[in-house]
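Hello,

Here is the structure I promised to pass on. Have a look at it first, and then read my notes below.

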Amino acid sequence: MNGLVETPDRYGAYPRLSEGQIETLEARGQRRSTDVGTVLIREGEEGYDFFVVLAGKVANYEAYRTPDERLISVHGPGRFLGELSLFTGQAAFFTSVVAEPGELLDVPADALRELVAQDPALGDLILRAYLIRRSILIGLGVGIRIIGSRYSQDTRRLREFAARNRLPYRWIDLELDKPAEDLLRQLGVRPEETPVVICPGGQVLRNPSNAELARVVGLPAPHLAEATCDLAIVGAGPAGLAAAVYGASEGLVTVALDAIAAGGQAGTSSKIENYLGFPTGISGGELAERAVLQAEKFGASFNVPAEARSLQTREDGHVIGFTDGSELRTRTVLIATGAHYRKLPVPRLEEFEKTSVYYAATTAEALMCRNDPVAIVGAGNSAGQATLFLSKYADHVRLIVRGADLSQDMSRYLVDRVVRLPNVEIMLHTEVRELLGKDSLEALLVEDNQTGQRQLVDARALFVFIGAEPCTGWLSGTVALDHNGFVLTGRDAEEAGAQRAFFLETSQPGVFAAGDVRHGSIKRVASAVGEGSMAVRLVWEYLHTTGRTVVSAAR
């Protein structure tokens, strides 16, 4: 390993600490000499320490000392090791090995977390580097390996779960990678047991559920049956994440839950460009990642995946039931389950949803259709952002718009950029009538809704962004909804029969709603964040006026 060249810091992922910062860290750690070959962090390990290289070099490898070994990066004096898993408690995605002898500063992870909370400048430096490193790992495909067919719905489910939760992974397509079949035979995996997930620690999971995969990789999952909290937030989109940050920071015992991943629908956005404070934009996944870390710093707990199926009201509060049979007792509830995109009313949609129809445009989906022709249906900002993003990967992009004016529902800054893209074709007053193909999508039959003229257009993937429906099926009549299924709050809830309701309170006392799931909400990330933070203030007022004891105060 001697002679390895240090990896350049092109993206801000590998900054050098100043002498003052190293001295600050040294007060909470200890120096230790190092020898070549010493393993500092092992792939699959949880709860590793924070290391600063003082002298010598350290190299990071994927699949260290195996035929698949791959060098990821090399670091010299002044740099620190690790990535986001050190903060999240997930298993390490690579192995760190001493490449040249020298000296390290070893700081326990708990001591680092305390220091980060006390020293914002140092904390921001480390956190920013770790967030960028996670993005680099995702781009490199370092991490878990998902082996399965492109025609398998479970393969797609696992890939989407990993992508939504920002888990680095590599997909091995059984249709294209024939050596993968030999690997499965060596592992004793039968075809009907695919897809298979190989985790950093070496565990082999045969077609695992999302919950099984979450447990193995270390996603947070507290024991709900034993929990009692002040505020339970159902849905971890922008509104739910804001409520988690403000609820925990205000001293409420706060638990946030989501059926798939933190970030909600916003988490599927490749870039949010009109969110305050991020002039160059930020991806929905990174925004969610930052919010989760911020909420956890204040003491909020997260559970992913946890799908709510029922809500009951009792004398001492509320009980949320989950699909796995567990329950959570809570004094107040915030419904922030958001909305999901509507589906196209066309034949064979369900068939092609397994392989070729998508409702998000992230790197995971983009890589699936690299150099292929794709189609996007929709005219809002989500469709616009998807068009900008996919145009970098796809050979040709057709934006299919039912109306006659793209600027009617899309922000002007997006329209101006979309119309200038050379590989994008905008098809106005056009609707999809049929999906064509054998095992996967090959073409669309579209119709001009003014002339009635039909034509075939090539498309290997279809992205659908045509409005949203609220995720309120689990409420089963416990709170008042409008005719479209959105939750009524405040004055609307009072008109539906509630005696008195705070602005964001539903027809059920102590149950609030915020974000896209709420009737009358503005479907924007910033407004959802505002409602989530506002809901916490109203929760406090409710607890005060009803004389209910806050758990944290009682303890």
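This is a predicted model: local features need pLDDT of at least 70, side-chain atom pairs count only at pLDDT 80 or more; totals for chains, interfaces and linings use all residues.

H7 itself spans residues 210-217, and its buried residues are Asn 210, Leu 213, Ala 214 and Val 217. Around the helix axis these residues cover an arc of only 100 degrees, which means that they sit on the same side of H7. What do they pack against? H8 covers residues 238-249 and H9 covers residues 284-297; their axes come within 8 Å and cross at roughly 20 degrees. With angles under 35 degrees counting as roughly parallel, H8 and H9 are therefore roughly parallel to each other. The crossing in which H8 passes H9 is left-handed. On the H8 side, the contact is made by Leu 241, Ala 244, Val 245 and Ala 248, and on the H9 side by Ala 288, Ala 291, Val 292, Gln 294 and Ala 295. Sorted by class, this contact has 8 nonpolar residues, 1 polar residue and no charged ones.

Is Glu 193 buried or exposed? Its relative accessible area is 17%, and because buried means under 20%, Glu 193 counts as buried. You will find Glu 193 in the loop between helix H6 (179-186) and strand S8 (196-198). Setting aside residues up to four places away in sequence, Glu 193 touches Gly 188, Arg 206 and Asn 207.

The other is Ser 521, in the loop that runs between strand S26 (511-513) and helix H15 (525-546). Ser 521 is buried too, with a relative accessibility of 10%. Which residues does Ser 521 contact, leaving aside neighbours within four places in sequence? They are Gly 515, Asp 516 and Glu 531. For a sense of distance, Ser 521 and Tyr 130 are 391 residues apart in sequence, and their C-alpha atoms are 34 Å apart in space.

Happy browsing, and do write back with any questions.

Best wishes

Note on methods. Residues are numbered from 1 along each chain as its sequence is written. Side-chain values use heavy atoms; hydrogens and water are left out. Axes are lines fitted to C-alpha atoms, for helices over the stretch in contact, and angles run from 0 to 180 degrees between N-to-C directions. Helices (H or I, at least four residues) and strands (E, at least two) are DSSP runs, numbered from the N terminus. Angles under 35 degrees count as roughly parallel, over 145 as roughly antiparallel, 65 to 115 as roughly perpendicular and the rest as oblique. A crossing is left-handed if the near helix is turned anticlockwise from the far one by less than a right angle, and right-handed if clockwise. Contact means heavy atoms within 4.5 Å. Ala, Val, Leu, Ile, Met, Phe, Trp, Tyr, Cys and Pro count as nonpolar, Asp, Glu, Lys and Arg as charged, and the others, Gly among them, as polar. Buried means under 20% relative accessible area, exposed over 50%, partly exposed in between (1.4 Å probe, protein chains only). The arc is that of the directions from the helix axis to the C-beta atoms.
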